Amino acid sequence: MDSLLKHMVDMTGHRDHAMLDLSVISAVQELAGAAQTRILSIATVAGQQYLRSRATILSSGEARLEDIQDGALGEPLGPELASCLIEHRSSAEAIGADGRRTLWLPIWFGDKASTCLELRNDKPFCSATIHTVGGIVGVYRNFQNLLDYSERDSLTGLLNRKTFDDQLARMLHSAHEQDPRLPGLAERRQMHGPEKQWLAVVDVDHFKAVNDKFGHLYGDEVLILIANLLQSSFRVQDRVFRFGGEEFVVLLRSTTLENAWKIIERFRTNVENHEFPQVGKVTVSVGFVSISAYESPVVTLGHADQALYYAKSNGRNQACHYDDLVSHGVLQAVASNDTAEFF
């Protein structure tokens with residue numbers, strides 16, 4: 001009982017989805033004695049459902065977050081879990097060819113489940129264990145719902161401005177750990193190569209004209225559809241925020257400049273090719289920059305904003321990379337005042 005209470009306190013002490021994921025699998029792993037526990041996202045791509053691991057813990061290790069490689073669909077759903085989701089059941093179980101048992105518990109929000117808890121073990125789970133894990137899942141679901149309510153923009157469902165600071169601070173910390181100027185990281189540099197973290201600022205072109213011509217109701221619909229295109233165009237490990245009005249910000253995790261260009265251009269093209277009801281065609285401009293451990297959040301935001309301003313001032317419907325603009329002499333790199341507010 002003491003262990004269960006300790007885990008409940010730990011779970012509800014976080015104000016972050018990733019840390020909540022780590023807490024719940026740590027609790028389930030200890031209380032159920034599973035060989036492996038995972039939190040999975042249930043993603044739908046081209047009408048097919050796939051499982052993407054967000055966090056994992058083994059019986060012999062610590063809980064860890066997992067990055068999903070760009071373009072990876074994930075693991076296809078097995079028939080047992082697929083039937084469970086169709087029938088809106090609380091759990092599904094399967095026995096693999098190696099005799100290992102897998103137990104899935106979808107996290108239901110109404111009639112939808114986009115997250116699933118998975119336990120694997122060599123022996124069957126007893127009813128008391130399943131009952132305890134079910135209670136933990138209930139606490140996890142309720143607290144995840146509270147986090148969503150406080151972290152999400154009410155119109156688009158994207159992460160809001162309030163949550164951005166913590167997410168950027170975490171990426172700056174990650175960039176600091178991977179910085180090649182720091183000692184003792186030669187082996188890690190070889191693994192990650194030119195991969196970096198990136199910040200992109202997105203602005204809807206001529207959005208005021210949309211509101212003036214079609215009214216705010218259609219303007220809001222454009223923002224909702226842009227938000228949907230952001231979520232479908234960027235990767236599951238990236239973070240998308242609405243800053244307010246027609247402005248959005250994306251934090252791209254661990255990718256190369258070439259792939260950052262591809263991902264951002266994919267989004268820009270998807271918007272350009274989308275037919276918005278009543279409004280017709282809408283475009284976006286994007287400015288982006290790599291995240292450096294040696295620059296403050298204000299400076300990083302300012303550089304992305306400069307690139308965005310250049311994109312909007314030179315034709316719109318394009319993406320601009322801050323460092324490219326500086327290297328070509330069209331922008332001048334200047335020391336920024338860290339007390340300035342760019343947003």
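1. The protein, which is a predicted model, contains 11 helices and 12 strands. Of its 343 residues, 46% count as buried, and its accessible surface comes to about 17300 Å², with 52% of that surface belonging to carbon and sulfur atoms.

2. Helix 9 covers residues 257–273, and at 1.5 Å a residue its 17 residues should span 24 Å, which agrees with the 24 Å that lies between its end C-alpha atoms.

3. Which residues of helix 9 are buried? They are Ala260, Ile263, Ile264, Phe267, Arg268 and Val271. Because these residues cover an arc of only 130° around the axis, they lie on the same side of helix 9. On the other side of the helix, Glu258, Lys262 and Asn273 are exposed.

4. Asn160 sits in the loop between helix 4 (127–151) and helix 5 (161–178). Is Asn160 buried or exposed? Its relative accessibility is 14%, and since buried means under 20%, Asn160 counts as buried. When its neighbours within four places in sequence are left aside, Asn160 is in contact with Ser150, Glu151, Arg152 and Asp153, and also with Phe241 and Arg242.

Technical notes:
Residues are numbered from 1 along each chain as its sequence is written. This is a predicted model: local features need pLDDT of at least 70, side-chain atom pairs count only at pLDDT 80 or more; totals for chains, interfaces and linings use all residues. Side-chain values use heavy atoms; hydrogens and water are left out. Helices (H or I, at least four residues) and strands (E, at least two) are DSSP runs, numbered from the N terminus. Buried means under 20% relative accessible area, exposed over 50%, partly exposed in between (1.4 Å probe, protein chains only). Accessible areas come from the Shrake-Rupley method with a 1.4 Å probe; for residues, only the protein chains shown count as cover. The expected span of a helix is 1.5 Å times one less than its number of residues. The arc is that of the directions from the helix axis to the C-beta atoms. Contact means heavy atoms within 4.5 Å.
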